[in-house]
Amino acid sequence: MQTAHESDLEVIESHHIIPVGVYMKVFGALMVLLVVTVLAAMEDFSVRLHWGPANIVIAMAIAIVKAALVILFFMHVRYSSRLTQFFAAIAFLFLGVMFFFTFGDYMSRNWIPQVSAFNITGR
Amino acid sequence: MNTAAIEAEVNHVPQTASIGELEFEPRNHYLNNGYGWKSWLFTLDHKRIAILYMVSITVFFFLGGLAALMIRLNLLTPYSHFIKPETYNRMFTMHGVVMVFFFLVPAIPATLGNFVLPLMLGAKDLAFPRLNLLSWYLYIIGGIICLYALTMGGVDTGWTFYEPYSSMFSNGYVVIAIVGVFLAGFSSILTGLNFIITTHKMRAPGLTWFRLPIFVWSMYATSVIQVLGTPVLAISLLLVAIETLLKVGIFDPKMGGDPILFQHLFWFYSHPAVYIMVLPGMAVISELVTCFARKPIFGYRFVAFSSIAIAVISFLVWGHHMFTSGQSAYAGLMFSFLSFAVGIPSAIKVFNWTATLYKGSIRLDAPMLYTLGFLGLFLVGGLTGIYLACIAVDVHVTDTYFVIAHFHYIMVGASVSAFLGGIHFWWPKMTGKMYNEGAARIAAMLLFIGFNLTFFPQFILGYQGMPRRYAIYAPEFQTLNILSTAGATILALGYLLPFFYLLWSLKHGKSAGPNPWRATGLEWQTTSPPPTFNFDVVPVVRIGPYAYNPAADELEDKRIEFEEARQKYEDNREQMNGAKDHNGNGNGNGHGAADRQDSQALHEETERDR
Amino acid sequence: MTAESNTLTVDKVPASDPPSDSSGQHLLHHHFDDMAQQRECNTLMMWAFLVTEIMMFGGLFCAYAVYRWSYPHAFAIGSHHIKWFMGSLNTGVLLVSSLTMAMAVHSAALRNKKRLVTYLALTLVLGWAFIGIKGIEWTQDYHEGLMPGIAWNYYDTTVHPHHTEEVQKLADAGVSPNAVKMFMVFYFFMTGLHGIHMIIGLTLVTILLVMASRGKFTNGNDQPVEISGLYWHLIDIIWIFLFPLLYLVSGIKLGGPLW
């Protein structure tokens, strides 16, 4: 087997190659989390924890961890430049803005009784 | 670039090729690098793509203007005598769709941005030339599809495609129009992506972020908005299309849908979109105001960051289009407050441009006239925007002509003025020719006068209560409507005139040379028109932008005077030598001792004068 | 092979095929200064494009969230109608395909043509398996009368008399069939849009496969594989969110039909 040449190294160092072991570990974690997701769905946490939105919160939390693993390791963001990391983060930030203000509208509609008539479900 | 190359550049080659070394009329440039339709339609050169865009945008502008003509002619009488009300509805829809999606959004970014940005950055091209070309093709295909729907079938929903009208009660051509707009949106996204990557990664050596011209900052901010906002338009239009095609009632109240949800998704893009339309205008103005006041921009960092601030805050204010829609009053409060906030960075820019003018050495060339027009019109448009941000006022004037006047002051008064100003400013660079200055000044003034006559009465009309999108209106509004239409004819003249003299200049204009305006900026450090790969020598930047200096201008004026005088002297000597020497051995340039003494004397004389 | 670590390491580079200029200068596009700049530009460009995809799906998720918040019971009922087991299976399939794609990128960087082709082929197979399972799901929904706009008659007792009890339960709970229909609309639209992106991704992978088998990516030009990998992983991430949001709204109750 040829060893890496100087010029090969130049090319390789300009982009990262992640060891296979890392990929395997991340994959293992992802599959475990998938099983956890399914198992968690078989249990009604909103009753257990006396908190209405418990189920969705737990499901989303697990999904966020899975997504983070894929982004950081499979998509190499953990090893990328600050700029790439910034690009990756900015989408979720603006998504947050969209959710925040839209839900702000819906959730505050029945704070004023007259306006709640405009709410489709009256919620 | 590796250090050795940079050192070679710095030590052996002038920092930037001095003007004297650039060809006045370059023999090989991007326009004559290949002829024939294939060399244009399959080009990867950002400058050619910019020209392609410029031509197509002009076509769409005149189509949208035609629709506007229909509108204004119809509004001459209150009873919709000119066209049927149904046709009127289709006309204002066509006007809106064409002008917003196919003219204003691409105009400055895709023409001036495409042409000038790589030059300003000292790059050989944009980062992704093929995507650039793809973006133009998507634009054209989207435009054709949309025009087909607008003219053949007729869409009457308004450019905002409000639900449930657009899916429940309008005709099926809405879906075709949506496909066209969808493609144009993609085109816009690709342009934005290209600009962002190019600005980050392809700046010339030494060109740090804070040495960039403000044009680049504002274009960058525009691109950020394009990338973050346009996809949401895509999804909201897709939802409308699905609803129309499958009749599934996503926004239909009868089926439990909420029309206001459509408005949230639509305006999430469409409000930042208006900043896509105005930020590039601001970009151009920053360049024009500095060049024609011969001063660096006042408060560079404030102006630069204000562009970014506008881009960010613009995403937080979309609900001000929905104050009367039925959204929550608390949401309205939030959006109102944030809408006041979004005016602040724009105001900072206006203050700084004004401060740049102060004590500047102002030259009232045509681009400067457009700039001054911009400043006044943007001020009015922006302030009336603040009035509209106030819920108490908005409740009364929403959906009236007040709103129409407000946004036309910004989109036409500001953006189009800036677009034309930029076209005039960079015309010599793009074509190598100068246009007729007198005609240009007249056109600029016609535009300003015509524009105000057209749209100022509309503020009054709106305040008095005339609703928008109505073919039939109350008779008491007729006088102002007639005035508005009269103004529109003058405005139309102001648009037509440049079309003629700019085209005329292509054949008969004076050659411009690399830097006819004596502007700073890397785009002026190459020939006019530039070579295909922009720079024969890669520029290395050591100083900030806008290094204008009136003293240097005076020196330059004197130098030109001297050169002209010397040239005249040389010509005279040639003539005299030619007349004296009957053998035809005229020495031409007079290198004899006597001639040297004479030119030395002239040189000394001029030196004393300095 | 290198030691297992999380820091950057350099694996041995086998002989490339065909032999070429190792520094990859021949792959440099004319307007770039050097390979590093080109590489960084390509990666950033793909990320910026992924940002647009995230915003697009994000808008859709926002609309879904608004309606789910408005009709929680109806959405729970709707979620019952779709097959959680097939959804879970699909999630597993996609996660494995993400791994095989990451391995393909790895192989391209190490210039191992055989492995690259193998992993790309595996990714392709898994991707089509996903589409296949989705197709089965959709066909079943169609037959059950759960496809709004095309075949929506689940709650129509004249077509499905055995659903009378369910219709009664709905009425008792005060839930409108239209609200359940809204869930199904979003289910089909979201998985459909995702499916379209999957097919685009599969087309990309097919093209990569053909070109990889000709050695186009194992001579230093591994960038196209890398950025296609980024796209593929995004499709996976979108599904990671879609799965719990659509399939697990009402939790999983064992004992029902799996398919």
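Student: Does B:Phe315 count as buried or exposed, and at what relative accessibility?

Tutor: Keep in mind that this is a predicted model. Buried means under 20% relative accessible area. B:Phe315 falls under that cut-off, so the residue counts as buried, at 0%.

Student: How many aromatic pairs are there over all chains?

Tutor: Rings pair if their centres lie within 6.5 Å. By this rule, the count over all chains comes to 69.

Student: How are the rings of A:Phe94 and B:Phe315 arranged?

Tutor: A pair of aromatic rings is described by the distance of the centres and the angle of the planes. Here the centres are 4.9 Å apart and the planes stand at 70°. Planes over 60 degrees apart count as edge-to-face. The pair of A:Phe94 and B:Phe315 is therefore edge-to-face.

Student: What does the pair of A:Phe94 and B:Phe315 join?

Tutor: A:Phe94 lies in helix 5 (residues 82-108) of chain A. B:Phe315 lies in the loop between helix 10 and helix 11 (329-357) of chain B. A:Phe94 counts as buried, at 6% relative accessibility. Given where the two residues lie, the pair joins two chains.

Student: How far apart in sequence are the parts that B:Trp159 and B:Trp267 tie together?

Tutor: The ring centres of B:Trp159 and B:Trp267 are 6.0 Å apart with planes at 85°, so this pair is edge-to-face. B:Trp159 is in the loop between helix 5 and helix 6 of chain B, and B:Trp267 is in helix 9 of chain B. B:Trp159 is buried at 12% relative accessibility, and B:Trp267 is buried at 7%. The parts tied together are 108 residues apart in sequence.

Student: Which residues do ring pairs link into a cluster?

Tutor: The links are ring pairs, with centres within 6.5 Å. The cluster holds B:Phe215, B:Phe292, B:Phe425, B:Trp426, B:Tyr435, B:Tyr501, B:Trp517 and B:Trp524.

Student: Are helix 4 and helix 7 of chain B roughly parallel or roughly antiparallel?

Tutor: Helix 4 (residues 85-121) and helix 7 (residues 173-201) of chain B have axes 11 Å apart, at an angle of about 20°. Angles under 35 degrees count as roughly parallel. Helix 4 and helix 7 of chain B are therefore roughly parallel.

Student: How do the residues of that contact between helix 4 and helix 7 of chain B divide into nonpolar, polar and charged?

Tutor: Helix 4 of chain B contributes residues including B:Phe101, B:Phe102 and B:Leu117. Helix 7 of chain B contributes residues including B:Val181, B:Ser188 and B:Phe195. The division is 10 nonpolar, 6 polar and no charged.

Student: Which residue does a cis peptide bond join to B:Glu163?

Tutor: Omega of that bond is about -10°.

Student: What is omega for the cis peptide bond from B:Ser528 to B:Pro529?

Tutor: B:Pro529 is in the loop between strand 2 (510-511) and helix 17 (550-580) of chain B. For the bond from B:Ser528, omega is near -10°.

Student: What is phi of B:Tyr546?

Tutor: B:Tyr546 is in the loop between strand 2 and helix 17 of chain B. The residue is buried, with a relative accessible area of 3%. B:Tyr546 is not a glycine, yet phi is positive, at about 55°.

Terms used:
Residues numbered from 1 in each chain as written. Chains lettered and ligands numbered in written order. Predicted model: local features only at pLDDT ≥ 70, side-chain atom pairs only at ≥ 80, totals over all residues. Heavy atoms only, no water. Axes fitted to C-alpha atoms, helices over the stretch in contact; angles between N-to-C directions. Helix = DSSP H or I, 4+ residues; strand = E, 2+ residues; numbered from the N terminus. Parallel < 35°, antiparallel > 145°, perpendicular 65-115°, else oblique. Contact = heavy atoms within 4.5 Å. Nonpolar A, V, L, I, M, F, W, Y, C, P; charged D, E, K, R; others polar. Buried < 20%, exposed > 50% of the residue type's maximum accessible area, 1.4 Å probe, protein only. Phe/Tyr/Trp six-rings, centres within 6.5 Å; stacked < 30°, edge-to-face > 60°.
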